[in-house]
Amino acid sequence: MPHVLIVDDDPATREALAAIIGEDGLTTATAGDLREARIQLVRQMPDVVFTDLKLPDGSGVDLFEDLDPRSGVEVIVITGHATVESAVSALKMGAADYLVKPINMQRVKAILSRLPRPGDLKAEIGTLRGELRRMGRFGLMLGNSPAMQEVYDQIGRVAPTAASVMLVGESGTGKEVAAQTVHELSLRRKHAFLAVNCGAISPNLIESEMFGHERGSFTGADRQHKGYFERANGGTLFLDEITEMPVELQVKLLRVLETGMFMRVGTTKEIETDVRVIAATNRDPEQAVLEGKLRLDLYHRLNVFPISLPPLRERGKDVELLAQAFLEDLNERHSTRKHFPPAVKEMLMSYPWPGNVRELKNYVQRAHIMSGTDSDSTATVPLQITLSKPATGTAVTIPFGTSLAEADRQLILATLDQCGGVKTRAAEILGISLKTLYNRLVEYGNDANRADDADSTDESRALGDASA
Ligand SMILES: Nc1ncnc2c1ncn2[C@@H]1O[C@H](COP(=O)(O)OP(=O)(O)OP(=O)(O)O)[C@@H](O)[C@H]1O
């Protein structure tokens, strides 16, 4: 039976917490200060500690010193509104979550329902480490170079906690797979993992996409819409390209992260949500703060646990391992038995991979397709791909009734065609950044692949630069 220790100098808070935790069938002990708490720790080591940060004889975080980090005891800190900053630093020190006073009992219930059964996730992370040694993969992520081992180590540490994560890395380095891995190794994995590309949503729609809207709240809002924060309740929200989110909206995002409350567009009714946010960017976030693209307070709140994804060119032999895995996957799907000729292997290792893992994956796919059906070896497709796409027509006709998103899509793809697939030129004509164009193409799925076929090394490099 899990045992919970409640430490708070306010008897009413202690009683209320003990009552709600008791309802869940857990045993409780209470303490009014650090001294009493330490006595309770000796009497019975709890599975969870709820502790106020401000205690008469010190800070709740002082209790970390009395807990063995390997024991798996979860600490939830309780704080007043004004001291959210200290709750964030408690998260950095290893607290699993925090509650803001007045305590919302629904949130206590949500925390209790997510508590690990003894050793569950830790055992699983241990198994993944074993798999990494044998097969060079960590869950969804392939590669066992020292640079990636460091990433897995950080993921393994942060995944079971409630901390926000900030993923930084060039385009195509695997930020989304890393976010998914964090989700899969967290207690939220039975709930949704939703990925949102902030750079791919039009600035006019992003607020309603995030928080939802009520019917009639703006022209075109013909029915109620649930936003990402509502749909991801209990789960994880991956906010890619966070620096592309309009700054006004970043204020609202910060508020949700601090209070767990938000409002749909067109209402004043607060809705509660319990979502873990993982943000990502391919820019230098501190530079983005200096440029005014990312609010400093939001950056601090998101950057509780930063993880940096190394570019593929710093992963040594992982290039070969990844290429091989992508080829095996294609072989399995198409019932082929292709392998890389030595010339391709050599080329793969000497190329700088500006587009990182995504570019490598696309390359393997091209080499597989180009080799035809008869050969057992992949084609030696050169890595410098030249562009030559004939232009088609000079106008786009968009009928009434077309949604804004679909009109965007048609215009973007037509412009790209018109530019013979040259993304830098298309982005210039459309008046958007190369990165945004690229994000849209990824969102459009097959069309993106078609466009990628026409990609040039220079463009990929420009993209790398844009992301730097
Ligand atoms: N370590 C990895 N193992 C296997 N596949 C990977 C790995 N890293 C990336 N990929 C694959 O590479 C592609 C790009 O990865 P992903 O979308 O996660 O990158 P990203 O950094 O989020 O890109 P962007 O910055 O453009 O959003 C995906 O198809 C993903 O499955």
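Modeller: In this predicted model, Val-151, Ile-155 and Val-158 of helix 6 meet Ala-178, Thr-181 and Val-182 of helix 7. Contact here requires C-beta atoms, placed from the backbone, to lie within 7 Å, and helices are DSSP runs (H or I, at least four residues; strands are E, at least two) numbered from the N terminus. By class, this contact has 5 nonpolar, 1 polar and no charged residues; Ala, Val, Leu, Ile, Met, Phe, Trp, Tyr, Cys and Pro count as nonpolar, Asp, Glu, Lys and Arg as charged, and the others, Gly among them, as polar.

The axes of helix 6 (residues 146-158) and helix 7 (residues 175-184) come within 9 Å and cross at roughly 35°. Axes are lines fitted to C-alpha atoms over the stretch in contact, with angles from 0 to 180 degrees between N-to-C directions. The crossing is right-handed, the near helix being turned clockwise from the far one by less than a right angle.

Helix 7 also supplies at least two residues of the shell around the ligand, as do strand 9 (141-142) and helix 15 (356-370). This shell has 4 nonpolar, 7 polar and 5 charged residues.

As for confidence, the chain has a mean pLDDT (the predictor's confidence in each residue, from 0 to 100) of 82, and 83% of its residues reach 70 or more. Residues are numbered from 1 along each chain as its sequence is written. Local features need pLDDT of at least 70 and side-chain atom pairs count only at 80 or more, while totals for chains, interfaces and linings use all residues.

Technical notes:
Contact = placed C-beta atoms within 7 Å.
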